[in-house]
2 protein chains.
Amino acid sequence: MSANRTSHIRLTSHPGSGSASRYSINWDAPTARERGPVIATPNSGVNRNAVGAHGGAYSIYRALAISSGAMAAETRPELHNTHPVAQVGPHAQWHEAGKIVSLDPWGHRVSEDFAAELAEGLDVRPTIAITKARIHLPEIGDAIAKGRLEVDGRIIHEGGEIAVTKAAIDPVWHLPGIASRFEVDETQLRRTLFEQTGGMYPELVTRPDLSVFLPPIGGITLYMFGDPARIGDGRYSLTCRVHDECNGSDVFGSDICTCRPYLTHGIEEAARQAQAGGAGLIVYNRKEGRALGEVTKFLVYNARKRQPGGDQAATYFERTECVAGVQDARFQQLMPDVIHWLGIRRIDRFVSMSNMKYDALLKGGVEIGERVPIPDYLVPDDASVEMEAKKAAGYFTSGKPPTKADLKRVVGRDLKEF
Amino acid sequence: MSANRTSHIRLTSHPGSGSASRYSINWDAPTARERGPVIATPNSGVNRNAVGAHGGAYSIYRALAISSGAMAAETRPELHNTHPVAQVGPHAQWHEAGKIVSLDPWGHRVSEDFAAELAEGLDVRPTIAITKARIHLPEIGDAIAKGRLEVDGRIIHEGGEIAVTKAAIDPVWHLPGIASRFEVDETQLRRTLFEQTGGMYPELVTRPDLSVFLPPIGGITLYMFGDPARIGDGRYSLTCRVHDECNGSDVFGSDICTCRPYLTHGIEEAARQAQAGGAGLIVYNRKEGRALGEVTKFLVYNARKRQPGGDQAATYFERTECVAGVQDARFQQLMPDVIHWLGIRRIDRFVSMSNMKYDALLKGGVEIGERVPIPDYLVPDDASVEMEAKKAAGYFTSGKPPTKADLKRVVGRDLKEF
């Protein structure tokens, strides 16, 4: 490419001046065709009707691929054979105003719903993919060995493998809906998103006519146990855990928290419900370190371990706030969207102690039967600091929440003892 | 805030016009103070000297926190007690030109190196954090039970817990260095990054004077086994696995690939080396689905399983390319940076079969002793499709690579058999 093309870079766009897409988005419409396709590829020119890029952060790797010549900029995905292995929806919640604002409920169906446009050459891309898997976790093997779970050849196979249907979901934000969920002014939200990210996507500000944004944040993975059709069907019991990513525990088994033990407990409960004729669901949200990231998380660990008196339950939340400026940035307000996407109105067994998740679901109109805490035998010693601090802060517990004096007595491992 | 502030939004900045930072960055300088601090917070005004935002994608959550009133925009981290639990560097590689271009080698030392500036109120933030952990993996318990590993009370504790030092590293790109690593023109790279992400960060284009970019992509986590000081010290043997994230296997144990088994094998080998007086290292890169993301990955799974003839090793790479436009977007070119950061010149045992990783390390001047393949007993049945396809494509194997005819015979589980 010649150097003088550089002068033609458009730094942002503005409404009008030939920039209006032929494909308008009518967010809460009852059908995909009335809603309209979300078009966010750089090659779609005037048809583009969303801010951001498909694949979120992975668009940066795509840019590297193109820049280095490994991939042609005009490449378009061949969607043949990629369609979902199981049907999800449509559900009434997909067009109940304000129920779903952070994902595209029609995102897995684009090759079906927009077949005509795709055939004409419009680059519509899925933002959701649904496939099958067999998963094998040592903790499930242990549950079988101890007689807590049984191999049935249908949900749990010989060798302890569990059959699941899984879905990957990229975030698609309807900005007016996001603003309303956080009870803030949309213009102000757009401006804060732009400014606090150091100037990411000026179109957030210059294109108030574009209501959809694909933010470069992590998405969601769903693991469904049993017949996926039973998940949104109130006639069947549903066990569900909503889990926020914690790489240090989920993958590496760090004993400072209860993340992986609670996750595998959720999988065990979900599989058991599916075996009993109901359905199970794990929602896995990519929100590392309370959506503050792992660097912040490790800084907080050091501050916790080094404070006078050691790592105490009494100052657990305080230390995070000192380092990060906020105790938690996960904002469960958006979490119920995926529950609505699945058509769920009631969770019979909710495998979580989080009052934030519980409150968000209730506020979203989802009924909760029983709350299932993590069994004591699954809590690692060093994680008691987190566990007791959370109980005192209002997390669900079957016993009495700890007192201030109790909290001071719960102290974790010292840095010298690792 | 009043609505008329909206008219003062600066959509991008330009060199000169009062925008030059007092803190210039001299990337390959021999000391932190000569290099200069990386300043990328929205509140740093004219002192800002980098494009992007701290925390990458998590800056979006921070924006939500500020927008919803949960956090004040001017909040600054209290870094007291957050400093590293172990010293890393400085190493000669930190100022060998072009050796490190995708992370800030001084990123963990800001409260030490820039104490004066921090005291004056400059908002310099760490991009690396180093802490300790005890990790507990069922697979390690199994290795102990089977006699492959021993509890020594130092590296491996009673109960099978392993003591580690771990580091979280956020990406910090030196754009001229990135361009040179990919052998592309910097101006063109900046433009492609901007355009192919749908217009993220116009300063990539308007601020050629800013050479540093904090991209909102996932970072790196390091798990160090044994005395971290031995890792960059050639007198001690080093075992290392470089692992690219695969949530489906690393967390959930999906049997379609070898990711978690190979990771836990790497941890076992790393712990063993540390017990023998050397050091072990796991590099965990957040590059889900070959840096194409999980939605693309699941679409590819469906296309693989549904193609005529079933999921064959013969067409393993082809299916990814059809859906994603490229077989792999991980670009191992940047991977050696973290190896250089640790001062490593030689890896005695490299627990990986990837020819891309091996070639990138060699090209970066890192010597490799032995290559350690995954033991056959750890390869799940359904993952043989991936394994054989990789061997045929040039991955390291102790046996003969499979022929084309062999590849056609290796067929994975059908969608009906899950």
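These legends describe close-up views of a predicted model.

View 1. A disulfide needs two cysteine sulfur atoms within 2.5 Å. For Cys246(B), the closest cysteine sulfur belongs to Cys259(B) and lies 3.7 Å away, so this pair is too far apart for a bond. Cys246(B) counts as buried, because its relative accessibility is 4%.

**View 2. Cys259(B) and its closest cysteine sulfur.** The sulfur closest to that of Cys259(B) sits in Cys257(B). The gap is 3.6 Å, which means it is too far for a bond. Cys259(B) is buried, with 17% relative accessible area. The cut-off for buried is under 20%.

**View 3. Two helices of chain A cross.** Helix α12(A) covers residues 294-306, and helix α13(A) covers residues 316-324. Their axes come within 9 Å and cross at roughly 125 degrees. That angle makes α12(A) oblique to α13(A). The crossing of α12(A) past α13(A) is right-handed.

**View 4. Residues in the contact of α12(A) with α13(A).** Which residues make the contact? From α12(A) come Thr296(A), Leu299(A), Val300(A), Ala303(A) and Arg304(A). From α13(A) come Tyr316(A), Arg319(A), Thr320(A), Val323(A) and Ala324(A). By type, the residues of this contact are six nonpolar, two polar and two charged.

Conventions:
Residues numbered from 1 in each chain as written. Chains lettered and ligands numbered in written order. Predicted model: local features only at pLDDT ≥ 70, side-chain atom pairs only at ≥ 80, totals over all residues. Heavy atoms only, no water. Buried < 20%, exposed > 50% of the residue type's maximum accessible area, 1.4 Å probe, protein only. Axes fitted to C-alpha atoms, helices over the stretch in contact; angles between N-to-C directions. Helix = DSSP H or I, 4+ residues; strand = E, 2+ residues; numbered from the N terminus. Parallel < 35°, antiparallel > 145°, perpendicular 65-115°, else oblique. Left-handed = near helix turned anticlockwise from the far one by under 90°. Contact = heavy atoms within 4.5 Å. Nonpolar A, V, L, I, M, F, W, Y, C, P; charged D, E, K, R; others polar.
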